[in-house]
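Visitor: I have a structure open and some questions about how parts of it pack. Can we go through it?

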Amino acid sequence: MLTEGKVIWMDGKLVPWGEANVHVLTHALHYGMGVFEGIRAYQGADGGAIFRLPEHTRRLFDSAHILGLKMPFSQDEINRATLETVRANGLSACYIRPIAFLGYGAMGLYAPQNPVNVSIAAWPWGSYLGEEGLSKGIRVQVSGFVRNHVNSAMTRAKVAGYYVNSVLAKMEAKASGYDEALLTDTSGFLAEGAGENLFIVRDGVIHTPVPTAILPGITRDSVMILARERGYTVVERPITRDELYIADEAFFTGSAAEVTPIREVDHRVIGSGKRGPVTEVLQNAYFDCVNGRDPKHKGWLTPL
């Protein structure tokens with residue numbers, strides 16, 4: 001269960017947490033026409049700060065534009081509203097969920113006159129895949145479910161309805177005793193986790209799937225930058241399932257998952273069966289950034 005906060009920002013106003021409601025006939029509830037972001041704020045040495053807020057807000061607007069949703073606020077207004085929401089809840093470290101969705105009005109698939117509503121919530125949330133997973137790694141199952149084809153669901157948009165695919169894969173993995181699912185694309189190449197991007201390491205080279213059937217994550221981008229700064233070669237290319245099995249290391253990235261090692265896939269131990277040295281370097285580099293300990297990337301932080 002999530003930890004309830006004090007208020008949620010809804011269409012320009014802070015509303016008490018328990019009163020932040022929508023009508024049961026809200027269009028997005030029935031057809032999934034909504035876009036969202038997952039963002040984190042961290043308590044660093046200089047106080048709380050939100051990690052790469054402008055980039056997340058831009059992607060929210062990009063996702064809305066792909067769906068044809070006209071945002072009723074500017075990006076600057078949403079950035080200010082995000083800061084306002086976190087501050088109003090008295091938080092310095094938290095998870096932040098902005099969402100824009102097609103609201104109440106006409107029912108049916110075509111409802112161009114319905115309003116686009118925007119909300120922002122913030123609450124304390126630990127590592128998505130568990131604190132132990134950050135150090136010891138997690139167990140992953142390659143799912144029987146396949147990521148949406150690029151022409152059936154535009155994969156650069158973070159769309160609410162698309163995540164039914166992820167929910168089914170996650171349920172399948174958990175029922176089989178795994179921590180997380182890993183989906184392939186429609187060609188059979190590895191795509192991404194239920195809510196994370198994938199990296200593998202082989203002979204010191206870092207590989208990650210091409211950004212076609214995946215959502216190119218902001219944490220993914222950050223880790224790729226940090227890796228190259230540390231002298232690693234990072235290659236974006238199609239990756240097969242058996243390549244993952246014989247990788248030296250593998251890890252997931254995401255705003256919720258942060259940088260989480262993968263120790264086992266489909267009952268096959270990955271590398272040494274624990275967090276590998278490259279993963280540890282990048283994990284430490286990432287946490288240095290988000291906690292304000294990396295002066296080179298202070299610009300990725302928006303102070304609270």
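Visitor: Which residues of H2 meet H3, and which ones in H3 do they meet?
Guide: This is a predicted model. In it, Leu53, Pro54, Thr57, Arg58 and Phe61 of H2 meet Gln75, Ile78, Asn79, Thr82 and Leu83 of H3.

Visitor: How does that contact divide by class, nonpolar, polar and charged?
Guide: The contact of H2 with H3 has five nonpolar residues, four polar and one charged.

Visitor: What angle do H2 and H3 pack at, and how far apart are the axes?
Guide: The angle is about 125 degrees, and the axes are 10 Å apart. Here H2 covers residues 53-67 and H3 covers residues 75-88.

Visitor: What does that make H2 relative to H3?
Guide: Oblique, because angles of 65 to 115 degrees count as roughly perpendicular and those over 145 as roughly antiparallel. That makes H2 oblique to H3. The crossing of H2 past H3 is right-handed.

Visitor: Staying with H3, which of its residues are buried?
Guide: Ile78, Asn79, Ala81, Thr82, Leu83, Thr85 and Val86. Of these, Ile78, Asn79, Thr82 and Leu83 also meet H2.

Visitor: How does the span of H3 compare with what its residues should give?
Guide: They agree: the 14 residues of H3 should span 20 Å at 1.5 Å a residue, and the end C-alpha atoms are 20 Å apart.

Visitor: What follows H3?
Guide: Gly90, with a positive phi near 70 degrees.

Visitor: Another pair, then. How do the axes of H6 and H8 cross?
Guide: The axes of H6 (residues 218-229) and H8 (residues 277-290) come within 10 Å and cross at roughly 110 degrees. That makes H6 roughly perpendicular to H8. H6 passes H8 in a right-handed crossing.

Visitor: Which residues meet there?
Guide: From H6, Thr219, Val223, Leu226 and Ala227; from H8, Leu282, Ala285, Tyr286 and Cys289. By class, the residues of the contact of H6 with H8 are seven nonpolar, one polar and no charged.

Visitor: Which residues in H6 are buried?
Guide: Ile218, Thr219, Arg220, Ser222, Val223, Met224, Leu226 and Ala227.

Visitor: How far does H6 reach, and what follows it?
Guide: H6 has 12 residues and reaches 17 Å from its first C-alpha to its last, close to the 16 Å expected at 1.5 Å a residue. Gly231 follows H6, and its phi is positive, near 90 degrees.

Visitor: Is Asp203 buried or exposed?
Guide: Exposed, with a relative accessible area of 65%.

Visitor: And Glu258, buried or exposed?
Guide: Glu258 counts as buried, at 5% relative accessibility. Glu258 is in strand S15 (residues 258-265). Its phi is also positive, about 60 degrees, although Glu258 is not a glycine.

Visitor: Last one. Where is Met10, and what does it touch?
Guide: Met10 is in strand S1 (residues 7-10). Leaving out residues up to four places away in sequence, Met10 touches Val15, Ala20, Asn21, Val22, Val118 and Ser119. Met10 is buried, with a relative accessible area of 15%.

Visitor: How far apart are Met10 and Ala20 in sequence and in space?
Guide: They are 10 residues apart in sequence and 7.4 Å apart in space, C-alpha to C-alpha.

Technical notes: Residues are numbered from 1 along each chain as its sequence is written. This is a predicted model: local features need pLDDT of at least 70, side-chain atom pairs count only at pLDDT 80 or more; totals for chains, interfaces and linings use all residues. Side-chain values use heavy atoms; hydrogens and water are left out. Axes are lines fitted to C-alpha atoms, for helices over the stretch in contact, and angles run from 0 to 180 degrees between N-to-C directions. Helices (H or I, at least four residues) and strands (E, at least two) are DSSP runs, numbered from the N terminus. Angles under 35 degrees count as roughly parallel, over 145 as roughly antiparallel, 65 to 115 as roughly perpendicular and the rest as oblique. A crossing is left-handed if the near helix is turned anticlockwise from the far one by less than a right angle, and right-handed if clockwise. Contact means heavy atoms within 4.5 Å. Ala, Val, Leu, Ile, Met, Phe, Trp, Tyr, Cys and Pro count as nonpolar, Asp, Glu, Lys and Arg as charged, and the others, Gly among them, as polar. The expected span of a helix is 1.5 Å times one less than its number of residues. Buried means under 20% relative accessible area, exposed over 50%, partly exposed in between (1.4 Å probe, protein chains only).
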